[in-house]
Amino acid sequence: MANSEYEYVKREFEYDRHLPPSNWIVVRIDGCHFHRYTFYLLCSIWSPPQAVRYFIFLFHRFSKIHAFEKPNDENALNLMNDCATAMLEKFPDIVFAYGVSDEYSFVFREETQFYHRRESKILSLCVSYFTSVYVMKWKDFFPNKELKEPPYFDARAVCYPNLKTIRDYLAWRQVDCHINNQYNTCFWMLVKSGKSEQEAQLALKGTFAKDKNELLAQQFQIKYDDEPAMFRKGSSVYREKVETTVKTDDYGNPIKRPRLKVTVAHIDIIGPEFWENHQHILRE
Ligand code: ATP
Ligand code: ATP
Ligand code: MG
Ligand code: MG
Ligand code: MG
Ligand code: MG
């Protein structure tokens, strides 16, 4: 690299934060303004000046502009899952990912040396790659919907020092998924049955999980446990050993070998069962 008198601006001012060794690294990304209130309809009939656009922008919701189904748009979730799959295929040091709504958590193996564990490199690569794939794959999941606004995501990195804390992190996200989904399922059933958003909010205020299940069963004949697993459990992405045909023998019979394939599943990751059956994922 050329050495000029200006080179000191890098040497003396740039700092790299290296994430501590022997920690699992979680990168969590989250869609920006995926649900804020929209004046998009207004925008579509009237082309506002820049300053006004800014105020409208403050209220715009990505999910509303693109008419996501409420409470869960299956295509949008599948698009997120496909992006996460692409992440595991691109970055071998990501051993597990968990996603719900507009967020995804990526777990890097404990001893990863990815970019020498430089935080800014890891964060920026993850969030930009995910976002690019989201845009590229949009039309595969929404063939009849134009992408009207560029999606963007924020990202943070958190380190977890041992197996207990990384498992607890993932459990925390899945509990959050459950609580939010149960609330949203009730909320949107009430709204779709004619209540205003404010009335629905009021009806659910102070209710416990049991009350919400009863409300769904009694008013709407819905058994919460029969709702799709993707909505209730979120999505887990990891490598699974699968028998894959690698070639055929002289007689045309398939020759199979176990290969690791990136898999998406909607399973319980709070209890021990999944982890006991997949010990290769979070190996210390
Ligand atoms: P790293 O991943 O470390 O950034 P890199 O391969 O991207 O590695 P850079 O130092 O960022 O390396 O250099 C970018 C290179 O990309 C340039 O040296 C040049 O070869 C190429 N490049 C970027 N933009 C253009 C462009 N507009 N036209 C032609 N070549 C370009
Ligand atoms: P922030 O920029 O702070 O993240 P946000 O508007 O994105 O704000 P979140 O707390 O991240 O708020 O919530 C995301 C919201 O996006 C959900 O509450 C939901 O309304 C909407 N959303 C995301 N994914 C979907 C989906 N697949 N189907 C329906 N709605 C979705
Ligand atoms: Mg450790
Ligand atoms: Mg968000
Ligand atoms: Mg979110
Ligand atoms: Mg470069």
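Helices (H or I, at least four residues) and strands (E, at least two) are DSSP runs, numbered from the N terminus. Pro-71 lies in the loop between two such helices, α4 and α5. All views show a predicted model.

**Overview of the protein and its two assigned domains, domain 1 (23–233) and domain 2 (235–272).** The secondary structure comprises eleven helices and six strands. Along the principal axes, the C-alpha atoms occupy a box of roughly 65 × 60 × 45 Å. Of the 284 residues, 22% count as buried. Among contacts with a separation of 6 or more, 67% join residues 24 or more positions apart.

**Contact between domain 1 and domain 2.** On one side, 17 residues of domain 1 take part, and they are in contact with twelve residues of domain 2. The elements that give two or more residues to the domain 1 side are α5, β2, α7 and α10. Helix α5 gives the most to this side, with six residues.

**The largest nonpolar core, with 34 residues.** The members that touch the most other members are Ala-84, Met-87, Ile-94, Ala-97, Phe-106 and Val-107. At least two core residues come from each of the helices α5 (74–90), α6 (119–141), α7 (163–192) and α10 (229–233), and likewise from each of the strands β1 (24–31), β2 (94–100), β3 (103–108) and β5 (235–248). Helix α5 gives the most to this core, with seven residues. Both domain 1 (23–233) and domain 2 (235–272) give residues to the core, so the core lies between them.

**Surroundings of Ile-94 in the nonpolar core.** Neighbours within four places in sequence are left aside in this view; beyond them, Ile-94 is in contact with Met-87 and Leu-88, and also with Phe-106, Val-107 and Phe-108. Met-87, Phe-106 and Val-107 are, like Ile-94, among the core residues that touch the most other members.

**Packing of α5 against α6.** The crossing of α5 and α6 is right-handed. From α5, the residues at the contact are Asn-75, Asn-78, Leu-79, Asp-82, Cys-83, Ala-86, Met-87 and Lys-90. From α6, they are Tyr-129, Phe-130, Val-133, Tyr-134, Lys-137, Trp-138 and Phe-141.

**Packing of α7 against helix α9 (residues 209–220).** The two axes come within 10 Å and cross at roughly 35°, and the crossing of α7 and α9 is left-handed. Helix α7 contributes Gln-182, Tyr-183, Thr-185, Cys-186 and Met-189 to the contact. Helix α9 contributes Ala-209, Lys-212, Leu-215, Leu-216 and Phe-220.

**Helix α8 (residues 197–204) and the residue Gly-206.** Helix α8 is hardly covered, as the count of buried residues among its eight residues is zero. Just after α8, Gly-206 takes a positive phi of about 75°.

**The cis peptide bond from Lys-70 to Pro-71.** Omega of this bond is near 0°. Lys-70 lies in the loop between α4 (62–65) and α5, and Pro-71 lies in the loop between α4 and α5. Lys-70 counts as partly exposed because it has 15 C-beta neighbours inside 10 Å. The C-alpha atoms of Lys-70 and Phe-187 are separated by 9.7 Å, although the two residues are 117 residues apart along the chain.

**Positive phi angles at His-33 and His-116.** His-33 is not a glycine, yet it has a positive phi of about 50°. The place of His-33 is in the loop between β1 and α2 (40–45). A residue is buried if 20 or more other C-beta atoms lie within 10 Å of its own; His-33 has 20 such atoms and is therefore buried. In His-116, likewise a residue other than glycine, phi is positive and near 50°. His-116 is found in the loop between β3 and α6. With 11 C-beta neighbours inside 10 Å, His-116 counts as exposed.

Terms used. Residues are numbered from 1 along each chain as its sequence is written. Chains are lettered from A and ligands numbered from 1 in the order in which they are written. This is a predicted model: local features need pLDDT of at least 70, side-chain atom pairs count only at pLDDT 80 or more; totals for chains, interfaces and linings use all residues. A nonpolar core is a set of buried Ala, Val, Leu, Ile, Met, Phe, Trp, Tyr and Cys residues joined through C-beta atoms within 7 Å. A residue is buried if 20 or more other C-beta atoms lie within 10 Å of its own, exposed if 12 or fewer, and partly exposed in between; C-beta atoms are placed from the backbone. Domain bounds come from an automatic or database domain assignment. Two residues are in contact if their C-beta atoms, placed from the backbone, lie within 7 Å. Axes are lines fitted to C-alpha atoms, for helices over the stretch in contact, and angles run from 0 to 180 degrees between N-to-C directions. A crossing is left-handed if the near helix is turned anticlockwise from the far one by less than a right angle, and right-handed if clockwise.
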